[in-house]
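Here are some notes from a reading of the model that you asked me to look over. Please keep the structure open beside them as you go through the points.

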Amino acid sequence: MKAGGKSRRKYALRSLRSQLLARTLLILALLLVLIGFLQYFLMKDFLYRSRAEAMDTQLNSIPADLLIKDSQEQSGVTAPQEQTNRRNNRPGPFLFWPDMSLASIDTDGTFQSLSNENGLKPPRLTTEQYHAMQQSKRMRHGYQLITDAQGKEQLVVFRPLGPPDRSSGLLQMGVSTTSMQEQLINQLRTFILLSLIALAIGLALMLPVLRRTLVPLSRMVEAVKRIDAGNLAERFDAEQGQYEVDRLAVSFNGMLERLEHSFAAERELQMQMRRFIADASHELRTPLTSIHGFLEVLLRGAASNPKQLQSALESMYGESKRMNKLVSDLLLLAKLDRTPELKLEDISLDALLLEMKPQLLMLAGTRKVVFDMTAGIRVLAEGDKIKQVVLNLFHNAVQHTDMEIGVIQVNLSAGKKLVDIQIRDNGPGMSKEQLERIFERFYRGDESRTRSSGGAGLGLAITQSIVEAHGGNITAESTPGTGSVFKVTLPLAGTV
């Protein structure tokens with residue numbers, strides 16, 4: 001049970017649905033975190049700027065006579081003693097906002113707090129910073145975040161004292177950022193809570209959506225389970241509404257079709273191999289049985305009879321020759337089944353047929369032979385193998401034509417890229433069923449012919465293998481009662 005539970009958990013973690021769900025939620029969570037950070041910083045800048053603009057408005061609303069000296073003190077014509085009395089009689093701190101600070105800075109850098117005891121203590125910059133600020137024309141814009149002596153952060157704005165052309169210093173107003181930070185934290189907490197709720201809702205909605213989306217893939221998995229070597233006719237629906245799944249279905253269908261053809265070809269090859277082995281065994285067993293029988297006869301005393309001895313020896317010699325030819329043909333077929341190693345040469349095909357003409361006429365006997373050949377046809381081939389092809393086809397025509405009225409035609413012609421060798425006879429012809437099996441090994445179209453006259457049925461199979469090894473093709477056409485024609489097609493030299 002524990003092993004089963006672990007395997008189910010492992011399967012759940014490795015399933016496509018769980019991975020898609022986890023990755024989708026992860027991307028959504030990262031986007032929400034990014035949005036949260038952007039919202040925090042943008043809201044922080046917005047709150048600080050809004051508060052700075054409000055403070056700037058408050059500074060502009062403060063009466064000037066409470067903040068600056070009288071005109072004589074500003075012009076510098078008042079006696080020093082009188083200036084001292086006026087400075088001592090200047091109003092003290094008057095600001096009553098508990099979370100704000102106010103301070104004035106004279107042109108000489110003198111810093112004076114204007115906040116009462118209930119207000120914040122104003123933070124202080126260096127004298128050089130104040131001098132630089134008074135000389136800058138952009139001190140009305142923006143704000144600064146300064147930490148006061150108590151370590152509290154304040155948002156501070158500045159404005160000049162007096163008219164712009166006769167500035168007598170700076171006025172500094174600050175406000176604690178604690179309340180604004182608390183507001184930002186509350187907004188951030190609200191955003192996190194809403195994000196978690198959104199993720200939970202997304203999880204609840206994504207599960208059925210993913211389950212429905214992966215239904216076509218699940219169907220394909222079930223169909224694959226039903227497929228085995230004996231059931232390759234299964235096909236997938238290639239129009240399920242999902243482009244990737246449809247492409248996968250088309251690929252699977254193509255693979256299954258190729259597998260089906262391969263298994264069918266393999267089964268056919270196995271059947272042919274069994275038939276080949278059975279036929280070869282039978283063909284070899286027949287001469288061996290004959291030889292064995294003749295040997296038994298000789299051992300029983302026939303060897304002392306010259307006539308019986310001579311007859312038995314001639315019969316055994318004939319059977320051994322036939323068995324030797326059969327073994328040679330089988331070895332040649334086995335060699336051709338592998339990658340054949342041909343000694344290709346540029347040969348003249350018409351010259352090769354003219355060279356074979358005396359041999360063909362001798363094989364034909366009293367039959368009429370007609371040669372119709374185009375001169376100057378050259379092919380890239382092995383001459384001995386092409387001779388074997390012509391001999392096999394001609395010998396086949398001789399066996400199926402009458403000695404007296406038989407006519408065999410040997411035609412040679414060429415097109416732009418191919419050359420045709422045709423051997424036609426006027427024999428009894430073949431049926432459609434015989435044409436379909438004519439190139440099978442050990443197949444005899446005429447079962448009435450004996451093995452001694454008809455051979456083992458390997459001649460046409462060898463011929464086909466030789467032609468195909470040269471990159472050519474061989475076909476047969478026949479009509480019962482009118483004869484047959486075998487056509488060999490080979491590529492011309494220079495076109496391969």
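Predicted model: local features only at pLDDT ≥ 70, side-chain atom pairs only at ≥ 80, totals over all residues.

1. Residues are numbered from 1 along each chain as its sequence is written, and side-chain values use heavy atoms, with hydrogens and water left out.

2. Strand E1 covers residues 100-106, and seven of its seven residues are buried (buried means under 20% relative accessible area, exposed over 50%, and partly exposed in between, with a 1.4 Å probe and protein chains only). Helices (H or I, at least four residues) and strands (E, at least two) are DSSP runs, numbered from the N terminus.

3. In a regular strand the side chains alternate between the two faces of the sheet. In E1, Met-100, Leu-102, Ser-104 and Asp-106 point one way, while Ser-101, Ala-103 and Ile-105 point the other way.

4. Strands count as paired if DSSP finds at least two bridges between them. E1 runs antiparallel to E5 (residues 169-176), with seven bridges joining the two, and Ser-104 stands opposite Leu-171. E1 is also antiparallel to E2 (residues 111-113), through three bridges, where Ala-103 has Ser-113 as its bridge partner.

5. Four residues lie between the strands in the hairpin of E1 and E2, and Gly-109 there takes a positive phi near 95°.

6. Met-373, in strand E7 (residues 368-373), is partly exposed, with a relative accessible area of 24%. Leaving aside residues up to four places away in sequence, Met-373 touches Asp-350, Leu-353, Leu-354 and Leu-412, where contact means heavy atoms within 4.5 Å. The C-alpha atoms of Met-373 and Leu-412 are separated by 4.4 Å, although these residues are 39 residues apart along the chain.
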